[in-house]
Amino acid sequence: MNVDLAFLFRFLSSIMVITSVAIIELRDLRRSAYAYMLQSAILSADFSLIAMMTSEWHMYLWTVSSLVTKVLLVPKVLIWATEKTGERIEVKPVLPLTVSFGFEGAIIISLFLVAPFVFPSAESRFPSSIPISLVLFMIGIFGMLSRKCALKQVLCLCHMENGVHLFLASLAYRSPMTVEIGILTDAIAAVVILLYMAIQLKRVVGTLDTFKLSLLRW
Amino acid sequence: MIPILILLSPLAGSLISLVLGRRPREICCILSSFISLVLSTTALISVRAEPESFLSGEVILDGLGALVAFLISLIVFLASVYSPYYMNLDEKKHRTYYFLLQLFDFTMLSVCISNNIFLIWVFVEATTLSSVFLVALRGDPTSLEAGWKYVLLCTVGLSIALFGTVMLYVNALEKIGESGILWTELMRNKSVLDGRVLETAVIFLIAGYGVKAGLFPFHWWLPDAYSEAPTPVSSVLSGVLINCSFLAIARFYLLSPSGIVSSLLMFFGIISAIFGSIAMIRQVNMKRLLAYSSVENMGIACIGLGAGGIGIMFSIFHVFNHGLLKSAAFLSWGGVERSNKMGGVPPSVAFSLVLSFILLGGCPPAGIFLSELGILTSVVRDVSVAVLYLISTFVSFSVLSYSAMEKGLGKMLAEKSSFSAWIIPVISSTISIAAGLYPIPILHIIEEFLGGVG
């Protein structure tokens with residue numbers, strides 16, 4: 001039974017990598033938000049798998065809370081923000097598609113090669129959870145640096161947070177409930193505040209292209 | 001129970017001020033920050049070498065926390081007395097401002113007394129979230145841009161810190177058990193922890209909280225946020241927010257105060273100090289100049305931490321003095337800006353400006369001179385570091401005193417100025433002078449803290 005769960009865990013986590021490339025590469029912000037929704041749903045499924053494998057009942061609460069916040073709330077607010085700002089398609093990113101794919105591939109391969117040696121204990125329990133959480137984090141940072149659109153940068157931040165949460169769940173699944181509530185609240189509040197700021201930027205400055213934000217230099 | 005009471009007063013104040021009218025709201029803010037100032041002063045006086053813990057260890061009161069909490073409540077109190085004089089806001093912004101200022105106070109104080117490593121992270125993140133609308137309060141393009149950069153960069157930085165926190169916790173869970181989530185337990189059992197993982201975790205934590213402290217490669221939110229925020233908010237951001245992050249850095253650094261971690265900290269400290277002082281030269285905007293001075297001073301504090309020994313003691317003393325004088329410099333510059341609009345600078349305001357700027361540069365009677373000297377003695381064996389360190393302090397002193405002369409001693413105005421325009425900066429400068437002339441009590445608290453945690 002346990003072996004099956006571990007296989008399922010690995011399978012679902014691998015799909016997360018595909019969704020993460022989709023989140024970064026899809027130029028249509030709504031589609032990108034839906035890809036994020038899918039990724040968060042898989043993350044919630046991973047949480048419940050961890051709960052089954054470790055029989056830590058409070059991991060089910062993580063599942064529920066991430067279903068409510070990450071699957072329902074955040075994509076909803078993101079799509080609302082795209083409608084509010086009228087920006088469906090993000091501005092052209094810094095790098096062309098092929099180069100961007102190259103970077104992502106390099107990140108994925110190098111982290112899968114390195115990570116198993118860093119946390120051997122977690123690797124045996126939840127296969128490939130550590131490399132995948134690191135991949136999500138690093139691809140998020142890469143997206144943050146290479147995309148110009150403010151809303152896309154918020155999506156990249158959410159994506160990074162998914163990585164951190166997977167890392168937290170697969171290593172520190174015994175951490176107290178208060179910790180999880182605090183971290184999740186902060187993450188959601190940060191996203192809401194960032195989206196509010198993005199809407200304000202569009203309204204006052206008239207652009208979501210963060211590379212054009214150059215009123216303050218030096 | 002004092003630490004919890006310190007927190008309650010600004011939290012209650014922020015909620016109450018939502019329902020009050022304009023004038024009572026200002027008084028409520030002053031009162032709540034005054035109560036937390038009194039309580040944190042008693043906490044600072046009564047602090048002992050052995051940290052006291054409350055709520056089953058989640059909350060502690062130790063020397064470092066009490067010192068920074070005292071600084072926070074002092075500077076927020078001064079800023080809230082100063083705000084009615086400086087701020088001219090419409091009703092909606094007025095309410096937002098006073099609500100968020102006290103909430104910001106609450107989150108910063110929570111960082112000081114948290115013992116749970118995850119809660120430290122949660123509250124540092126909360127300081128960003130509660131202060132972003134204070135930075136972007138004006139709502140015009142530049143302030144929104146500054147707010148955007150601030151919140152985005154700090155959130156990304158803190159997610160790196162969260163990675164470090166998780167690594168640290170997992171390491172502790174294997175070696176110490178459930179109680180490894182508490183910082184005091186980690187300090188007590190740090191020799192049991194797996195050294196390599198501990199070092200990696202601490203590097204992540206320092207990099208993450210370093211973004212919030214304004215260390216070099218990630219400093220660029222800082223001049224924007226400081227120059228765009230209203231002056232009382234800049235004084236709080238520069239005076240104590242970065243000290244909060246410094247407190248987090250110091251706490252985690254003490255877990256692994258040697259080897260590659262201290263070399264890295266020293267390296268980034270030197271780059272920040274040099275870069276900050278050189279960037280100060282070409283600034284025309286005083287608030288940006290002061291922001292780069294913060295980068296420089298945080299660099300100096302990190303050099304002290306990395307050097308170890310008495311360097312750690314003096315770097316804590318340095319951030320204490322820097323907080324006092326930096327907020328004094330911001331508030332006195334606010335006074336000059338306001339008087340310039342009316343035609344000229346009154347002598348009293350000019351005095352407060354020159355005093356705070358020159359002391360901030362490291363002029364002898366102030367505590368900052370003593371701490372810079374102390375850090376110099378701890379790095380003096382390494383000649384190249386000492387030379388770079390001396391260059392950066394020298395450049396920053398020259399730039400600060402030159403700009404004080406240039407801005408302060410311009411066109412004089414004979415008429416009297418508003419009392420709070422100059423007395424508030426002078427108060428915090430005086431406290432720093434007192435700390436410089438008689439540093440024994442504060443150094444004793446820091447020494448006991450360092451001795452107590454091992």
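User: In chain B, what share of the contacts between residues at least 6 apart in sequence join residues at least 24 apart?
Analyst: In chain B that share is 80%. Two residues are in contact if their C-beta atoms, placed from the backbone, lie within 7 Å. This is a predicted model, in which local features need pLDDT of at least 70, side-chain atom pairs count only at pLDDT 80 or more, and totals for chains, interfaces and linings use all residues. Residues are numbered from 1 along each chain as its sequence is written, while chains are lettered from A and ligands numbered from 1 in the order in which they are written.

User: And what is that share in chain A?
Analyst: Among contacts in chain A between residues at least 6 apart in sequence, 74% join residues at least 24 apart.

User: How many helices and strands does chain B have?
Analyst: Chain B has 18 helices and 2 strands. Helices (H or I, at least four residues) and strands (E, at least two) are DSSP runs, numbered from the N terminus.

User: Does the radius of gyration of chain B agree or disagree with that of a compact globule?
Analyst: The two agree, because a compact globule of 454 residues would have a radius of gyration near 22 Å and chain B has 21 Å. The radius is taken over C-alpha atoms, and the globule rule is 2.2 Å times the number of residues to the power 0.38. Along the principal axes, the C-alpha atoms of chain B fill a box of roughly 65 × 55 × 40 Å.

User: What are the corresponding values for chain A?
Analyst: For 218 residues the rule gives a radius near 17 Å, and chain A has 18 Å, which agrees. The C-alpha trace of chain A spans about 55 × 35 × 35 Å along its principal axes.

User: How much of chain B is buried?
Analyst: Buried residues make up 64% of the 454 residues in chain B. A residue is buried if 20 or more other C-beta atoms lie within 10 Å of its own, exposed if 12 or fewer, and partly exposed in between, with C-beta atoms placed from the backbone. In chain A, 44% of the 218 residues count as buried.

User: Changing topic, how many residues are in contact between the two chains?
Analyst: The contacts involve 29 residues of chain B and 28 residues of chain A. On the chain B side, α5 (117-135) and α6 (141-175) each supply at least two residues. Helix α6(B) gives the most, with 18 residues.

User: Now α15(B), is it mostly covered or mostly open?
Analyst: Helix α15(B) is mostly covered, as 10 of its 13 residues are buried. Among them are B:Ile368, B:Phe369 and B:Leu370.

User: What covers those buried residues?
Analyst: The cover includes α12 (286-307), α13 (310-341), α14 (347-361), α16 (383-408) and α17 (419-437) of chain B.

User: Which feature does UniProt place at residues 114-395 of chain B?
Analyst: The unreviewed UniProt entry places there the feature "domain: NADH:quinone oxidoreductase/Mrp antiporter transmembrane". UniProt positions are given in the numbering used here, feature names are shortened, and annotations may be inferred rather than shown by experiment. In the model, residues 114-395 of chain B are 81% helix and 0% strand, and the end C-alpha atoms of this span lie 37 Å apart.

User: Lastly, where is B:Arg95?
Analyst: B:Arg95 is in helix α4 (residues 91-113) of chain B.

User: Why is B:Arg95 classed as partly exposed?
Analyst: B:Arg95 is partly exposed because 18 other C-beta atoms lie within 10 Å.
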